[in-house]
Amino acid sequence: MKMVIAIVQDKDSVKLLEELMTKGYRATKLSSSGGFLRSGNTTLLIGVDEEKVSDVIEIIKETCHSREQLVTPMSPVGTTGTESFLPFPVEVVVGGATVFVIDVEEFHKA
Ligand code: 2BA
């Protein structure tokens, strides 16, 4: 058995869960936040048999889209060491999905 961990954008998570459920997969949805943007995203835990992993990844690829997002990190202004900070918008491309596939050593349902 494998565990597919998929970090996706909130906007894609509802459709992705629907697709997975329709096709008979089980999943757990966690609310998460990206370390860089510090904004909300969704982490799905999907436990599947090894031969189903590629199907799950295909569903994720079809459902999750990359989007450009404007971030405003604070940039220092001045050179004296007592600089003030001004917002400086930068565009980053987020997603479609960041996916990890890991081995499940044991699976129990009690
Ligand atoms: P965030 O960490 O909020 O990152 C959002 C987007 O910001 C990233 O999109 C990437 O385009 C950009 N970014 C991240 N770190 C950067 C940096 N140090 N410098 C410049 N740009 C940077 P994605 O790569 O699609 O990642 C989307 C989300 O997936 C991430 O949100 C994070 O929650 C997760 N993620 C990505 N790679 C990961 C990893 N290796 N381990 C754990 N989580 C990861």
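Predicted model: local features only at pLDDT ≥ 70, side-chain atom pairs only at ≥ 80, totals over all residues.
View 1. Ser32 belongs to strand β2, which covers residues 28-33. The side chain of Ser32 forms a polar contact of 2.7 Å with the side chain of Asn41, and another of 2.7 Å with that of Thr43. Leaving aside residues up to four places away in sequence, Ser32 touches Ser39, Gly40, Asn41, Thr42 and Thr43.

**View 2. Crossing of helices α1 and α2.** Helix α1 (residues 10-22) and helix α2 (residues 53-63) have axes that come within 10 Å and cross at roughly 145 degrees. The crossing of α1 and α2 is right-handed. Helix α1 contributes Asp12, Lys15, Leu16, Glu19 and Leu20 to the contact, and helix α2 contributes Val56, Ile59, Ile60 and Thr63. The contact of α1 with α2 comprises five nonpolar, one polar and three charged residues.

**View 3. The largest pocket.** The largest pocket holds about 360 Å³ of space. Its lining consists of 20 residues, with Gln9, Leu37, Asn41, Gln69 and Val94 nearest the centre. At least two lining residues come from each of β1 (2-8), α1, β3 (40-48), β4 (67-71), β7 (90-94) and β8 (97-103). The lining of the largest pocket contains seven nonpolar, 10 polar and three charged residues.

**View 4. The second largest pocket.** The volume of the second largest pocket is about 280 Å³. Of the 15 residues that line the second largest pocket, Met1, Arg26, Gly47, Val48 and Phe107 lie nearest its centre. Strand β3 provides the largest share of this lining, four residues. By class, the lining of the second largest pocket has eight nonpolar, three polar and four charged residues.

Terms used: Residues numbered from 1 in each chain as written. Heavy atoms only, no water. Polar contact = N/O pair within 3.5 Å; in protein donor to acceptor, adjacent residues only side chain to side chain. Contact = heavy atoms within 4.5 Å. Axes fitted to C-alpha atoms, helices over the stretch in contact; angles between N-to-C directions. Left-handed = near helix turned anticlockwise from the far one by under 90°. Nonpolar A, V, L, I, M, F, W, Y, C, P; charged D, E, K, R; others polar. 1 Å grid on protein atoms, 1.4 Å probe; cavity = no way out; pocket = protein on both sides within 12 Å on 5 of 7 lines; lining within 4 Å. Points joined across faces, edges and corners; volume = space filled by probe spheres on them.
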